[in-house]
Amino acid sequence: MHGNTVAITGVGETPFLRKGTKTLIHMMADACLAAIADAGLTPADIDGYIGNRMVPGSDDMGYAIGMKDRAFSAVTDVAGGTAPAGQALILAQLAIEAGLCRHVLVPYGIQSTKPGGVYGFHAKEPLKAALEMPVGFFGQPTYFASMANRYAHDHGMSEEELASVAITYREWAVLNPNAQRREPMGLEEYRLSPMISTPLRVADCCLTTDGACAYVVSAVDRAADMPHPVVQVSGVGIGTNNFPHGVLFTQNPCTYEYPGVASAAKAYAMAGIGPEDLDLAQVYDGFSISALIQTEMLGLCGRGEGARFYHEGHARPGGRMPVNTSGGHLSGGYVPGINLLIEGVRQLRGGEGARQVPDARICAVSGLGGNSHSTTILTRS
Amino acid sequence: MGIPIYPVHLEDPQLQGFYDGLAAGELRITADPGTGAWVWYPPEVVPGKPDTVLEWRTVSPEGSAYTFTTIVRSLLPGDHKAEVPFTVVLFESDETPGCRVPGVLVNADGVEPACGMRLRLKPVQAGDHIIAGFEPA
């Protein structure tokens, strides 16, 4: 695959709410229609659809938004942020380059308040039910807390350094009128945040969000005639490891070694750039610790230097490498991966007010989902 | 420090071997009888060798913590009892490095949990069942 042949031509999202009143399909339909309108299109213009195994598919969504011709439809077979922030873009580019369709719609939504809770899928895993849940090793914050302690053992990380990740993203959220958590947070407020699993507090965990997002992918030559500055997909890379979900959080030789180095290398190679060329980045922050580690994997700092990178303020507003300029998943809202990608598009278009990164031209977006990881490079043409 | 009390669900009867070991005061890990290689956790299908039936082998109860976390807010689902806080460790037997067994840290009042800390197996009663526990060695 070559870069810069397709562009993200429309983006849309619902409000991000702690607890909403709409169904998942309703929220996704709202986001889809907003993205289609943002692209200057109508639902009848959309002839490609890429869903994910975790959300309603094109049978239901195509009907809900009034699609006429689903010439191409597909489902991404990776989890979490990897799907909408990376894998879907690969499929969209393949379908458009093959001439199967003109405009591909990619939605994603989450209803964190649904019955069963956000960790219900872990409880269905036989190995976890047999070996982990009886000793209380259960739930994403616990898994990532155990990674954080190992990372601190291997590389060193103080409480203040870990806190600086969440504090940095909150600084950006304060500047974003659409962020879910906008009250200022310094170290004192961070320390008042309830501890869940040491060292992770509530403030270190992604938000509980009811919301949906969607974007439209079109060929670059069509994008030139559409409403917004053209934001090209310059590179996409996917990395995976071979550990299924039941063993991923315990048996991976280094439990915090996500396949982000591999995804970043592929994306940079496809884009023909390196991390030194980036103007900003959106890093998948399911947790502060996982964002810190992915910041290293993207090459924004050296391996083992992530804690110092954040503590020294490089990712803050005005810093040399702004990260998670919407507030990320910790403070902006949590629709896995896709709202980070959309923030990247909006920053490259320009006009994002107080949080706009000056002269932003190239943005990296990372997505993490289970044993897969994506890196996407977006470029304003 | 407390302990979690949550039922053991053995959807795969093969996993009974782990709890049979704990009841006997032993730590048991699964191995490929053909090659002798440790295969842990025991998967439904051994990679590349789906007909292989793993066997349980008793390993050294002495080892160290790969990592740990102290759980202050338990996220276990349903109507369970958990005396928080409690500390979970991922234990590696000296005999099977890299094979990690989750367990509760016990008999460790005043001990600061740490990666690399030396531990030994100490099965503990949690309600009506026995769970993996590890105490400072």
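Biologist: Which residue in strand 11 of chain B is the bridge partner of Arg120(B)?
Modeller: Glu135(B) is that partner in this predicted model.

Biologist: What makes strand 8 and strand 11 of chain B a pair?
Modeller: The number of bridges does. Pairing needs at least two bridges. Strand 8 and strand 11 (residues 133-136) of chain B are joined by 3. Therefore they count as paired. They run antiparallel.

Biologist: What makes strand 4 of chain B a partner of strand 8 of chain B?
Modeller: The test is the one just used: at least two bridges. Strand 4 (residues 62-71) and strand 8 of chain B share 3 bridges, so they pass. The sense is antiparallel here. Within strand 8 of chain B, Arg118(B) is the bridge partner of Ser64(B).

Biologist: Which residues of strand 8 of chain B are on the covered face, and which on the uncovered one?
Modeller: Leu119(B) and Leu121(B) form the covered face of strand 8 (residues 118-121). Arg118(B) and Arg120(B) form the uncovered face.

Biologist: How many residues of chain A count as buried, as a percentage?
Modeller: 61% of the 381 do. The cut-off is 20 or more other C-beta atoms within 10 Å.

Biologist: Which residues touch the most other members of the largest nonpolar core?
Modeller: Ala92(A) and Val104(A), in a core of 118 residues. Beyond its neighbours within four places in sequence, Ala92(A) is in contact with residues including Val6(A), Ile50(A), Val104(A) and Val217(A). Another core, of 42 residues, lies apart. Among its members are Ile3(B) and Cys99(B).

Biologist: How do you know that chain A and chain B are in contact?
Modeller: Contact asks for C-beta atoms within 7 Å. By that test, 34 residues of chain A are in contact with 37 residues of chain B.

Biologist: Which element gives the largest share of the side of chain A that touches chain B?
Modeller: Helix 6 of chain A, with 7 residues. Helix 5 (126-132) and helix 10 (245-251) of chain A are among the elements giving two or more. That side divides into 19 nonpolar, 13 polar and 2 charged residues.

Terms used
Residues numbered from 1 in each chain as written. Chains lettered and ligands numbered in written order. Predicted model: local features only at pLDDT ≥ 70, side-chain atom pairs only at ≥ 80, totals over all residues. Buried ≥ 20, exposed ≤ 12 C-beta atoms within 10 Å, placed from the backbone. Contact = placed C-beta atoms within 7 Å. Helix = DSSP H or I, 4+ residues; strand = E, 2+ residues; numbered from the N terminus. Nonpolar A, V, L, I, M, F, W, Y, C, P; charged D, E, K, R; others polar. Core = buried A, V, L, I, M, F, W, Y, C linked by C-beta atoms within 7 Å.
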